Amino acid sequence: MNGLVNLSGLHLPVQAAASPQAVSGGAVLSGREVILAHPFGLTRFYRHGWQSWSPTTWLDLATSPVPIEPPIRRTQAEDPVHAASPVHGGSALGALESAEGRVLLLGALGIGARVEADRETLRGCYEEGGGTWFAGFGEEQAIFRRYAEMLGERLGRRGAGAPPRVWCSWYSFNQQIAEDVLTEILEDLQGFPFDVFQVDDGWQVDIGDWEANTRFPSGMETLAHRIQAGGFTPGLWLAPLLVRRTSRLFSDHPDWLLRDHEGRPVPAGFNWGDFTYALDATHPTVAAWLIDLIRRVQGWGYRYLKLDFIYAGALPGVRRAPLPREEAYRRALVTIRDAAPDAYLLACGAPVVASLGITDGLRISPDCAPFWENESRVRDRHDESGPAAKNALRTSLHRLWLRPIVHVDPDVVYFRSRHTSLTPAQRLSLRDLALITGFKGTSDPPAWLDREERAALRAFLEASPPVDQLDRYRFVLGNRVVDFRSLAT
Ligand code: 9PG
């Protein structure tokens with residue numbers, strides 16, 4: 001139908017499959033494709049990245065998007081289907097600013113959708129099948145809150161209770177972790193009020209071969225017992241939908257891989273010095289393997305699972321069951337959830353909207369790093385998803401609207417003044433944003449901190465100041481105003 005929709009007094013021409021239904025805060029539209037004609041011209045557009053690491057910000061519609069052609073590595077932080085698009089667009093939702101600073105938002109109420117914008121239209125489209133949409137116009141925070149609420153009603157809400165305080169090995173040691181190093185840190189962490197001690201990438205034999213490598217001679221179960229005895233919940237990193245060519249899994253089960261129409265395995269990004277590939281979790285044997293893996297690591301004692309690189313489950317390809325790709329992804333996540341009903345699941349490198357209602361926590365940023373900018377990557381590849389404190393902060397900041405329906409993880413903060421080029425002010429910004437989300441993570445080992453830094457870490461872990469959002473970039477945190485305006489694009 002072609003008609004008009006009334007959004008809080010703003011009457012916009014609309015194209016949709018049926019007449020708009022008025023709901024509190026806006027209207028519900030339906031159809032595979034919906035188009036709103038808007039009067040705002042070349043205004044600012046809220047671009048919502050597909051997965052955790054994808055850049056998310058308000059940008060100027062007058063700028064041209066930079067198409068990303070494979071094999072540029074940035075494609076793994078973007079939805080490969082849209083990475084080279086010449087049109088500004090984002091995953092699931094998009095929003096535009098009016099001249100008075102109000103916001104017009106169009107957001108899918110289901111998974112597998114995209115919203116694009118130009119000077120005249122805001123257009124939503126589901127990749128396959130139909131679906132419904134929320135459209136609203138008004139004060140920015142209120143409109144995003146209403147959208148989050150409706151998404152929560154449709155996809156489910158998670159993250160009740162306080163978000164966890166996590167010590168994670170990645171941002172100090174990368175893959176160079178070993179049983180003795182971690183055991184020492186565990187001892188040094190005694191008395192610090194962390195909830196979780198999380199072993200990150202580096203414990204496994206290979207991506208796909210989820211057994212302890214030789215640097216963990218006592219095995220992962222013994223380590224979990226030590227973590228537990230130290231008073232923390234054992235946490236473990238897994239990339240359960242990803243496979244490296246060098247793994248036994250890759251050579252033993254070529255039929256488990258997601259393939260393209262020509263039968264070639266679908267590349268799932270480049271990391272650890274090689275291309276990686278994706279499992280087809282709609283294959284019943286793969287699903288059974290996944291259940292077995294998740295039960296096995298819980299049997300070792302791990303109760304907090306960081307599920308990483310899981311966009312691999314939503315890549316385009318030919319699947320055993322011909323489901324839309326985000327539907328296939330969501331089913332894989334449900335399979336994991338059913339195998340770990342009581343574990344804390346953190347989704348990372350995860351398609352954001354398609355993960356809602358299933359995992360407890362969701363990484364909402366690219367990787368933080370002990371430096372501010374990733375200049376070469378921005379310059380050479382127009383890539384703002386590379387590890388850098390600024391990239392992590394900016395994308396997290398623009399996804400805070402998800403807080404009512406999931407624990408949002410803005411990635412780690414730093415207390416150390418060694419092994420970093422971050423200024424005290426930059427470190428403070430990271431910590432402030434973590435306090436706003438309540439999700440507190442660091443990789444600093446106490447041995448790298450001086451006495452004052454250890455005290456600051458302790459105070460941070462114990463703090464839960466009231467948070468009040470003043471506008472897009474300003475917050476009241478306890479008795480301070482925190483201003484992130486310098487991160488605006
Ligand atoms: C472990 C890390 C940490 C980190 C995750 C993830 O090549 N890449 O594009 C790329 C992106 C992200 C990334 C690593 C590589 O980091 O976000 O917290 O767990 O994996 O390997």
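This report describes selected helices, helix pairs and single residues of the structure above.

The structure is a predicted model, in which local features need pLDDT of at least 70 and side-chain atom pairs count only at pLDDT 80 or more, while totals for chains, interfaces and linings use all residues. Residues are numbered from 1 along each chain as its sequence is written, and side-chain values use heavy atoms, with hydrogens and water left out.

**Helix 1**

Helices (H or I, at least four residues) and strands (E, at least two) are DSSP runs, numbered from the N terminus. Helix 1 covers residues 140-155, and its 16 residues reach 22 Å from the first C-alpha to the last, close to the 22 Å expected at 1.5 Å a residue; the expected span is 1.5 Å times one less than the number of residues. Just after helix 1, Gly156 has a positive phi of about 105 degrees. The buried residues of helix 1 include Ile143, Phe144, Tyr147, Met150, Leu151 and Leu155, where buried means under 20% relative accessible area, exposed over 50%, and partly exposed in between (1.4 Å probe, protein chains only).

**Two helix pairs**

Two packed helices are described by the angle between their axes and the distance between the axes. Axes are lines fitted to C-alpha atoms, for helices over the stretch in contact, and angles run from 0 to 180 degrees between N-to-C directions.

| Helix pair | Angle | Axis distance |
|---|---|---|
| Helix 6 (residues 284-300) and helix 7 (residues 325-339) | about 40 degrees | 9 Å |
| Helix 3 (residues 179-188) and helix 4 (residues 219-229) | about 10 degrees | 11 Å |

Helix 3 and helix 4 are therefore roughly parallel to each other, and their contact (heavy atoms within 4.5 Å) is made by Glu179, Leu182, Thr183 and Leu186 of helix 3 and Gly219, Leu223, Arg226 and Ile227 of helix 4. Helix 6, packed at about 40 degrees to helix 7, is oblique to helix 7. Angles under 35 degrees count as roughly parallel, over 145 as roughly antiparallel, 65 to 115 as roughly perpendicular and the rest as oblique. In this second pair, Ala287, Leu290, Ile291, Ile294, Arg295 and Gln298 of helix 6 meet Ala332, Thr335, Ile336 and Ala339 of helix 7.

Leu422 belongs to the loop between strand 25 (407-409) and helix 11 (424-437), and it counts as buried because its relative accessibility is 5%. Apart from neighbours within four places in sequence, Leu422 contacts Ala369, Pro370, Phe371, Trp372, Ala389, Tyr414, Arg427 and Leu430. His419 also lies in the loop between strand 25 and helix 11, but at 51% relative accessibility His419 counts as exposed. The phi of His419 is near 50 degrees, a positive value in a residue other than glycine.

**Other single residues**

Ser8, in the loop between strand 1 (2-7) and strand 2 (10-15), likewise has a positive phi, near 50 degrees, although it is not glycine. Asp79 is found in the loop between strand 7 (57-60) and strand 8 (88-91) and counts as buried at 8% relative accessibility; leaving aside neighbours within four places in sequence, Asp79 is in contact with Trp50 and Arg325. Val378, within helix 9 (residues 375-381), counts as partly exposed at 30% relative accessibility, and beyond its neighbours within four places in sequence Val378 is in contact with Asp383 and Glu384.
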